[in-house]
Amino acid sequence: MEDLTNRMIEPELVGCFEDALTFGHIYAVYQPQINHSTGRMVGAEALMRWKHPIYGIQMPGDFIPVLEKNNLIYRADLHIFETVCRFQRKCLDEGISIIPISVNMSRYDIYNTNYVEEIEAIRKKYDIPVKFLRLEITESSAIGGRELITKVLRQLHDHGYTVEMDDFGSGYSSLNILKDLDVDVIKLDMAFLAGDIGGRGGTILGSIVQMTKWLNTPVIAEGVETMEQADYMLSTGCKYIQGYLYYKPLPEEEFLEKMIQLDHEPLTPGMHLIKTLDAGKFWDPNSMETLIFNNFVGGAAIFTYDEDSKELKILRVNRKYVKELGMNMSEHDIIGKDAWTGFDEKNKEKYLALLKRTVESGDEEMGETWRTVYSDCCGEDRICIRTYVREIGEAEKQHLFYAMVHNITAEKKIHEQMAEDEARYKFAFEQANVYAWEYTIATKEMRPCFRCMRDLGLPPLIKNYPEPVIENGVFPPDYADQYRDWHKQLEQGVESIEGIIPLTVGRVPFHVRYTLEKDENGRPLKAYGSATLVVDRKE
């Protein structure tokens, strides 16, 4: 008879349930889960189907509520679990590489106190490694009876099972469930992307993906039907796809062919965090971690950087961070905004180089960058920030960083002013043909300026001064005794001496001047000499 879907009424479904199990009318189909980045298979979901020999295919939305109402879903779920184990055993016996397969676990399974023991008995019967079996719990089934569900999840984890949260986002308590239940994989309800992909639903999905990365939890987008949806999810960081875009639920034979054809790879967590960071505690406003972050460190921020998109997004800042930026800014002005705003290309490249060094070294690195900050009340300002950065998590090409910042604008402006002053002084010094040196009276050591060394060939340190410069002709012989007498006067405490002396073999006239510095006891300590050109030798 043709496989027409003729809806059976409840008594008929209940009445033929035993035969359906015995003769395989209730069976499993398999929908592959694919890494949209690589095209590799990462797993599959086993879905329950019912094909009556006379009435044909029965829709899950029709027969599953009937089985639940009549306390038959528990046996049906165990039947599907055993079907999956039997299939995997067959593959293993034939040397075929298998992938993890997810089996749905209903609220009625959870309420049955023997559920975990029964599936364990089935798994052991077929000797299937537990890493190839996953249990899916729907979000709606997790609402109510939280203590019992937590207990069952703990038992499953004790045996090594991976637990997935199915249809996440379809209920009303998603965040509370995610906070309280220890699930290993999140499956997103793609109803969020119905209609405008770039709308509010897409924003919510993107935020959920970012949040699950903090929980070190892989995410699978379920119900993906178009390439546009898949590409959007990939842009948010969700690369695992399940849906008609790739494959509809396949009969066992077809699924086996696909499993053999495609390369396999494991699911990986969204974000590998450093071992000492507990994300749950860090986001808890009452935790010690948050207390320390807000009050006992300097200006600090948590931000992400995506290597592909080059997006830099600030996730969290403390009050001191806001204060360091100044301009009467608030957290609202910073969090979630494009963090590159205000960076010119030069400083952006410097900051990217800092992040690269941090990733490569695995340690804290420091850098200084200028940026322009804006606020509605104060306009804009150019500031320099010294940043100490450490990587605290990574997910392929996305990185999570912790940063400590210091506003060093005032310090930088002082240094810049000093550099400008020094440059002006050096220019004037060069233009005025001035030579300078420092003379230590007790040791008779002289330290010349750069121009003295460059123009006169003097070494950086001259001992037994002034004899060496008299000997090499810098001071002519007929002025040697006068110059020696000046140094004796300095030793006796004369505070200043000056006069015109012709220097070098060209006998160029310079105004030579000495100023004395004394120590705290009034004894001569150092003398500072200078020689300023009086007459240009061309004249």
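## Charges over rings

R451 lies over the face of Y435, 4.5 Å from the ring centre. K348 has its charged end over the ring of W340, at 5.1 Å from the centre. Here a charge counts as over a ring if NZ of Lys or CZ of Arg is within 6 Å of the ring centre and within 35 degrees of the ring normal.

A word on what you are looking at: this is a predicted model, in which local features need pLDDT of at least 70, side-chain atom pairs count only at pLDDT 80 or more, and totals for chains, interfaces and linings use all residues. Residues are numbered from 1 along each chain as its sequence is written, and side-chain values use heavy atoms, with hydrogens and water left out.

## The largest cavity

Y435 turns up again in the lining of the largest cavity, together with W437, M446, C452, L456, L458, Y465, V469, V474, F475, L503 and A531. This cavity holds about 100 Å³ of space, and the structure has one cavity of 30 Å³ or more. β16 (434–440) and α17 (450–456) each give at least two residues to the lining.

A cavity is a set of points on a 1 Å grid over the protein atoms alone where a 1.4 Å probe fits but cannot get out, and lining residues have an atom within 4 Å of a point. Helices (H or I, at least four residues) and strands (E, at least two) are DSSP runs, numbered from the N terminus.

## Aromatic pairs

How many aromatic pairs does a search of the whole structure find? There are 17. Rings of Phe, Tyr and Trp (its six-membered ring) pair if their centres lie within 6.5 Å; planes under 30 degrees apart count as stacked, over 60 as edge-to-face and the rest as tilted. Y30 and F87 form a tilted pair, because their ring centres are 5.3 Å apart and their planes stand at 35°. This pair links distant parts of the chain, with Y30 in strand β1 (residues 26–35) and F87 in helix α4 (residues 73–93), 57 residues apart. Both Y30 and F87 are buried (under 20% relative accessible area; exposed is over 50% and partly exposed in between, with a 1.4 Å probe and protein chains only).

F475 and Y483 make a stacked pair, with 3.8 Å from centre to centre and 20° between the planes. F475 and Y483 are buried as well. Ring pairs also join W437, Y439, Y465, F475, Y483, W486 and Y514 into a cluster.

## Helix α15

Helix α15 (residues 345–361) has 17 residues and reaches 24 Å from its first C-alpha to its last, close to the 24 Å expected, which is 1.5 Å times one less than its number of residues. Its buried residues are N347, K348, Y351, L352, L354, L355 and T358. They lie on the same side of α15 because they cover an arc of only 150° around the axis, taken from the directions from the helix axis to the C-beta atoms.

The face of α15 turned away from the buried side carries the exposed residues E345, K346, K356 and E360. After α15 comes G362, with a positive phi near 70°.

## The second largest pocket

The second largest pocket contains about 590 Å³ of space. Among its 24 lining residues, L47, I64, N104, T138 and D166 are the closest to its centre. β2 supplies the largest share of the lining, five residues.

A pocket is an open set of grid points with protein on both sides within 12 Å along at least five of seven lines. Points are joined across faces, edges and corners, and a volume is the space filled by probe spheres set on them.
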